[in-house]
Amino acid sequence: SLVNMGFSEDEANRAIIRCGADADICVLVDSVSASRVAEDCHSRNLSDHQVTDRCFNSFGGRKKARLMEESRKKRKRYGGGGQGNRPSLDGSDEESMPLPNPMVGFNLPGYSGSSVTRMLSKLDTGPPFFYYENVARAPKGEWAKISRNLFDIQPEFVDSLHLCAAARKRGYIHNLPIENRSPLLPLPPKTIFEAFPHYKKWWPSWDTRTHLNCLQTCVASAKLTDRIQRALVSSSNPPPKSVQKDVMDECKKWNLIWVGKNKVAPLEPHEMELLLGFPRDHTRGVGKTQRYKSLGNSFQVDTVAYHLSVLRRMFPNGVRVLSLFTGIGGGEVALHKLGIHMRVVISVEIGEASKKIFRSWWDQTQTGTLIEIDDVKSLTNDRVASFISQFGGFDLVIGGSPCNNLAGSNRHHRDGLEGKHSALFYDYVRILNFVKSTMAGRRM
Ligand code: SAH
């Protein structure tokens with residue numbers, strides 16, 4: 001369709017890689033138009049500011065308007081925005097923000113698809129840099145709302161499946177540069193067998209999984225794994241297709257792995273640590289249920305580190321971090337693994353188990369200053385102002401606010417950002433805005 005509309009095959013392919021094969025035609029047109037304008041701006045050597053104005057205001061000019069009209073006739077309703085450049089977030093476009101497929105973000109290590117270029121306005125770029133994370137599959141309209149509250153910056157949706165052996169679909173909104181990123185080395189295991197070669201001998205040929213699903217906050221009961229074992233023991237080998245299907249449904253749902261003949265089991269916490277990029281035994285020292293819960297909520301370290309890697313060159317003397325909803329410290333572990341010294345971390349985390357895990361890791365690995373605050377609500381603007389005076393500002397404001405009302409197995413009510421837990425997002429916004437305006441006022 002894009003070629004029929006007058007775009008080159010190359011442009012069409014690049015847009016499809018950027019936005020995903022199932023992206024709406026209007027999203028693809030937007031993406032091609034945005035690239036054209038960006039290229040045009042660069043070839044004319046316009047200043048950053050002019051580039052931003054042109055790219056975001058004209059966004060493709062008359063040709064695009066005509067093409068949009070054509071495609072609008074083809075489809076009555078469409079969603080706004082693909083991966084990368086800023087879509088218009090007004091009017092009906094605001095409602096939906098289609099998830100790209102493949103979910104590879106703006107670029108990924110070793111991914112051959114062409115990467116996205118984006119330009120942020122001078123006001124939106126750091127310092128302070130900020131990095132916000134949440135589940136990709138939020139109720140309709142929630143990512144548009146999140147984006148609107150974070151300077152209309154387009155989310156970068158990444159499924160960690162492309163970087164490690166487990167899926168984790170997350171959206172990230174940040175103002176970090178996206179060029180010259182580098183992955184953590186050594187690269188993490190990319191398949192189940194690379195991660196856990198010793199389970200190969202028990203893996204039946206009819207279980208064709210190469211990757212695990214998203215690691216959750218709770219795991220399958222012994223009752224379920226026993227039931228699976230009994231069903232397999234009393235079946236032929238290989239079992240009938242119907243039994244295979246039932247077993248595979250449970251294995252996929254609960255991320256079960258083959259640990260013996262006919263025997264499936266949930267991942268152990270240390271196996272989840274490996275998949276998520278944490279050091280072995282990172283979460284040891286608290287109860288198993290707490291370990292699963294905090295791991296299920298955490299960042300995938302390799303993914304976050306890839307995005308944060310650009311800070312290494314910018315801050316050779318280390319960073320001052322305001323870490324909201326620290327959890328078990330996925331962001332801090334990523335910075336540490338990147339070799340970025342944390343001069344200061346103000347860590348805001350309410351969960352006792354997570355705090356214990358994070359503090360113990362910090363004490364073992366860090367030399368910088370750690371200040372802990374329990375409840376984000378108690379981090380008033382006055383307190384933020386006094387930290388800014390004390391430390392001379394922040395280089396990075398990082399956090400993923402609770403997703404309990406957005407998605408996941410731990411959701412309480414799927415009532416979106418306004419839900420009791422997920423509304424803590426607005427504290428992230430409040431604090432970030434306050435840091436930005438205070439630092440701008442003091443020209444830090
Ligand atoms: N990115 C983190 C996990 C974030 S999950 C990691 O890598 O581990 C969201 C976190 O917000 C949870 O750890 C939860 O305990 C914490 N939280 C929930 N309510 C909070 C509040 N009012 N103040 C501070 N932290 C809170």
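Predicted model: local features only at pLDDT ≥ 70, side-chain atom pairs only at ≥ 80, totals over all residues.
Residues are numbered from 1 along each chain as its sequence is written, and side-chain values use heavy atoms, with hydrogens and water left out.

View A. A polar backbone atom of I328 is 2.9 Å from an oxygen atom of the ligand, and a backbone N or O atom of G330 lies 3.1 Å from a ligand oxygen atom. On its own the ligand has 580 Å² of accessible area, of which the protein covers 88% (Shrake-Rupley method, 1.4 Å probe).

**View B. The aromatic pair of W206 and W258**. The structure holds 15 aromatic pairs, that is, rings of Phe, Tyr and Trp (its six-membered ring) with centres within 6.5 Å; planes under 30 degrees apart count as stacked, over 60 as edge-to-face and the rest as tilted. The ring centres of W206 and W258 are 5.7 Å apart and their planes stand at 80°, so this pair is edge-to-face. Because W206 lies in the loop between α6 (192-195) and α7 (222-233) and W258 in strand β4 (residues 257-260), the pair ties together parts that are 52 residues apart in sequence. Helices (H or I, at least four residues) and strands (E, at least two) are DSSP runs, numbered from the N terminus. W206 counts as buried at 16% relative accessibility, and W258 counts as buried at 1%. Buried means under 20% relative accessible area, exposed over 50%, and partly exposed in between (1.4 Å probe, protein chains only).

**View C. Further aromatic rings: a cluster and a lysine over a ring**. Y132, F425, Y426 and Y428 are linked into a cluster by ring pairs. K436 lies over the face of F151, at 4.6 Å from the ring centre; a charge sits over a ring if NZ of Lys or CZ of Arg is within 6 Å of the ring centre and within 35 degrees of the ring normal.

**View D. Polar contacts of E156**. E156 belongs to strand β2 (residues 156-159) and, at 0% relative accessibility, counts as buried. Its side chain makes a polar contact of 2.8 Å with the side chain of H174 and another of 2.8 Å with that of R181. A polar contact is a pair of N or O atoms within 3.5 Å; within protein, one must be able to donate a hydrogen and the other to accept it, and residues adjacent in sequence count only if both atoms are side-chain atoms.

**View E. Two cis peptide bonds**. The bond from N101 to P102 is cis, with omega near 5°, and P102 is found in the loop between α4 (61-74) and β1 (129-135). L185 and P186 are also joined by a cis peptide bond, with omega about -5°.
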